[in-house]
Amino acid sequence: MARQEQRDEIRGAAAAAPPVARSLSALLKELARAPAVRPGSWEGALRPGAAIGRFELVREIGRGGFGIVWEARDTELGRSVAFKAVRLETRVAAREERLLREAELAARLSHPNIVTLHDAGRSEHGPYLILELLRGETLAERLQAGELPLREAVRIAAEVAKGVAHAHGQGVIHRDLKPANVFLCEDGQVKVLDLGLAHAFGQRKVDGGTVEYMAPEQRRGAPEDERTDVFALGAILHRLLAGSPARGEGRARVAALEVPDAPALGELVGRMLEVDPVKRPRDLGEVLGALTVLQRDLERPERADAPAARARPRRRLARVRRRRAGRAGALVLASAIAAVAVVAAVAASPAVREHLPGFARRPALPDEKLVAVLPFRQVGGSRSDEAFSAGLVELVTNKLRQLEQLRSSLRVVSPSDVLKEKVASAKEARSAFGATLAVTGSVHWDRDRVAVAADLVDARTLLVVAARDVEAPRADAAALQRALVERVAEMLEIELGPEAGRSAFADPPPAPGAYEFYLEGRGYLQRYDRAENLDSAVAVFDQALARDPAYALAHAGKAEAFLRRYDLTKDARFLEQARASGRRAIELDERLAPVQLTMGLVHAASGDHASAIRSFERALELEPASADAYRELARAYDAAGRTQEAEATYRRAIQLRPSSWAAYKDLGVFYNRHERLTEALPLFQRVVQLTPDNYAGYANLGGLYLRLGLHDEAAAALERSLSLRPTAQAHANLGAVYFYEGRFRDAVPAYREAVRLGRSDARVWGALADSERWSGLAEDAARDYRQAIALLEKELAVDPRSAEPWSRLAIHEAALGERDKAAASIGKALRLAPGDGLVLFRSALVKADAGDTERALDAVRAALEAGYPREFIRNAPPLALLGRDPRFRALVDRKEPAVSNPK
């Protein structure tokens, strides 16, 4: 059965779940909404003879991080059961759809090697589970009494593999497989405990001992799948055979076990413990096939006379390198697996039948590698170490982007876009950017060294397809960065030849110690929405410069930090500081593309578009494939009124990257801004064709449909965007749909949601105020117009030569009845851009609010001649009184070329 068909079958089965699954589902949903339960809330209620519902407690039989287990009597059914009082540290994580579904499925599992879950409920003390009562001991307890014979160890592992493989076939992953969750019954049966339930109840915290059995991808927060449980069973086998857990400098390492009576077993355990999940056995069906061969070999009659000592492995641990595919023992194991794996797999679970036996093969990477490098998880370390980690990720991303010009199939999402959209998972990267691959990982700190564990995740399947570790002294950040770039390139199947190496590592090295502070400063800059982070960035850039005063990149970093401070405050002093730092960087080394790009941004923020253009052009000379430089150059051309050159630059970016959705989006936004709506439409359609899960693409498409008067299409696109990810932009555009349909009261909450989600710019405040004005909410409208005006005045204080903000200021002043101010503001806008359709339309609004019908009609006529959409003019509330004038009707009712309705 294909995996998708299997998942569909599972979903269908869950819909018809038996009572225990339904009761567990209801319990989890209730707990997800309820306040957190204190961890100790069960303690006073658990005592012999206590009655909880229909269950009478008899005696405590065990406890752990997930719960406390008592023997109890079911007074209605007259049977003994295990009563598990679930301990909740926080509100449960069952709100996550996947975990909730797995918990429901776990309640349906029926297999001889899985403990049976009878029921689930909640009392005043907290939630509880009712399970079959087992007699015996856990594997952890058994190991405390001494080591197990080889044949018994293999038998237990095989029984565990059978049970967990069955669960995998039903879509359930254990995630906490360890000796304490393996139960050895008095009759010899082996049972797996807590399958799929501990995580559903929010038990994500790693307690003592569990970490020894956790796969590396679990500890680094990467996606988990069946191979996570393969690793855990390998760690259990290692403990059974070697008498100690598999360890290695704080992280799991492959350990070679010499087992004279079963040499293939050591090879199997080594493969199960691979750091890279792709190198492990594909699933537990493959493991079970190998264990079945071993069991048969160990039970041969000619072995019956072997001394007892030979029935136990002679142990010698040795750390080995992970690349072991060519070893003879592995080939022997492969042959053994090939002989029986099909039969064993069929016996294990239906899910295994779709696979052929043999070694795990790395899934093929997509032909078009659209990669998002996501923020790494921090393990240990201080606030400055966290900033260092963030800076490291940013610079690794930029190094990979430099390789795009050498690899036509590689596209790397800008680190600024990842931060702007707050993308933190592969699923979100696919939704936000249409990414096919995501690089995730974690940074681990100790006193002298730093280790980075990186994963390559297929954003379509959310499976880890490769993993690498990098380690270096804390003081050698440059070596750490280089090694990490090399390992990530290796995972992406990119060979770093001499040309690629020069491209990625061409920056001149700074003085010792300066680079570490530079990385830390870049990390603080990634959190530029808070002033204290920008202050910290300036401070550590100064520390870098104290070690190397000629470090041009550190001066450029300071310039960017000051520019961000200006963006937050609109305080011109910060802009001047940014200019001074940027100039110093240019003086020191004007051959660095990042230095030129930063200086261009400073010039653009100052309104010096000619200087900005020169800086961006120079950046492109130094780095011809820089997508950021193309985008900023085109914007600078546009701001300078050089629209033909702006368009040509956007088109050049598309030619360089014909599969880049971002390049199409940028040109579409340009056309939209210049009222070339029918030209923008196919570009936005191309964006969603290239990235069908791109919520921003649907938001832009919805906004364009709105401008074309296609309200139904606009609403559909915006609702699709919001279903993928609720954003301020989509809410604002949906508010605009309602506004131009005359549904002002519906527009108000949409705009308020846009503001709540962080869209606090003057445009949204003004649109919210307009909606409140025409809804009759006069006080709210006046307050929000004032907010929009305050933001516009700060913007105009820095760049008074921009017509668009003057025209917005004018319509807000007119709405407040400040006619003289409005007339002065719109006059400035018209002098700056006399032929701009948007400015002319807003001039009509100002004249209409002032009661000047003749001049309002003249402005409407001029706006239409400049290409401003009739739809917006026709439905603008301030122009409603003009609707009685036949001259106005003649203007706005004139037929326009039809816009085809896209499929």
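Tutor: Let us begin with a rule for helices: the expected span of a helix is 1.5 Å times one less than its number of residues. Helices (DSSP runs of H or I, at least four residues) and strands (DSSP runs of E, at least two) are numbered from the N terminus. The model before us is predicted, so local features need pLDDT of at least 70 and side-chain atom pairs count only at pLDDT 80 or more, while totals for chains, interfaces and linings use all residues. Residues are numbered from 1 along each chain as its sequence is written, and side-chain values use heavy atoms, with hydrogens and water left out.

Student: How many residues does helix H5 have, and what span should they cover?

Tutor: Helix H5 (residues 150-169) has 20 residues, which at 1.5 Å a residue should span 28 Å; its end C-alpha atoms are 28 Å apart, in agreement with the rule.

Student: Is H5 mostly covered or mostly exposed?

Tutor: One judges this by relative accessible area: a residue is buried under 20%, exposed over 50% and partly exposed in between, with a 1.4 Å probe and protein chains only. In H5, 16 of the 20 residues are buried, and the helix is mostly covered. Just after H5, Gly-171 takes a positive phi of about 90 degrees.

Student: Which residues other than glycine have a positive phi?

Tutor: The general idea is that most residues other than glycine have a negative phi. Here Leu-462 is an exception, with a positive phi of about 65 degrees. Leu-462 lies in the loop between strand S16 (449-458) and strand S17 (463-473), and its relative accessible area of 32% makes Leu-462 partly exposed. Glu-493 also has a positive phi, near 60 degrees; this residue is in the loop between helix H14 (477-491) and helix H15 (498-504).

Student: What is the mean pLDDT of the chain?

Tutor: pLDDT is the predictor's confidence in each residue, from 0 to 100. The chain has a mean pLDDT of 80, and 79% of its residues reach 70 or more. Over residues 248-255 the pLDDT is below 50, yet this stretch has 31 contacts (heavy atoms within 4.5 Å) beyond near neighbours in sequence. Where pLDDT is low, the predicted coordinates should not be read in detail.

Student: Is Arg-280 buried or exposed?

Tutor: Arg-280 is buried, because its relative accessibility is 0%. This residue lies in the loop between helix H8 (263-272) and helix H9 (284-298).

Student: What does the side chain of Arg-280 reach?

Tutor: The idea needed here is the polar contact: a pair of N or O atoms within 3.5 Å, where within protein one must be able to donate a hydrogen and the other to accept it, and residues adjacent in sequence count only if both atoms are side-chain atoms. The side chain of Arg-280 makes such a contact with the side chain of Glu-217 at 2.8 Å. The Arg-280 side chain also reaches the backbone oxygen of Val-275, at 3.3 Å.

Student: How many residues does the largest nonpolar core have?

Tutor: In soluble globular proteins, nonpolar side chains tend to be buried together. A nonpolar core is a set of buried Ala, Val, Leu, Ile, Met, Phe, Trp, Tyr and Cys residues joined through side-chain atoms within 4.5 Å. The largest in this model has 116 residues, and those with the most contacts inside it include Tyr-751, Phe-841 and Val-860. Its largest share, nine residues, comes from helix H28 (residues 728-740). Not counting residues up to four places away in sequence, Val-860 touches Ala-844, Ile-873, Leu-879, Phe-888 and Leu-891. A second, separate core of 68 residues includes Leu-365, Val-439, Val-538 and Ala-561.

Student: How many aromatic pairs are there?

Tutor: Rings of Phe, Tyr and Trp (its six-membered ring) pair if their centres lie within 6.5 Å; planes under 30 degrees apart count as stacked, over 60 as edge-to-face and the rest as tilted. By this rule there are 14 aromatic pairs.

Student: Why is the pair of Phe-55 and Phe-83 tilted?

Tutor: Their ring planes are at 55 degrees, with centres 6.3 Å apart, so the pair is tilted. This pair links distant parts of the chain, 28 residues apart: Phe-55 is in strand S2 (residues 55-63) and Phe-83 in strand S4 (residues 79-86). Both Phe-55 and Phe-83 are buried.
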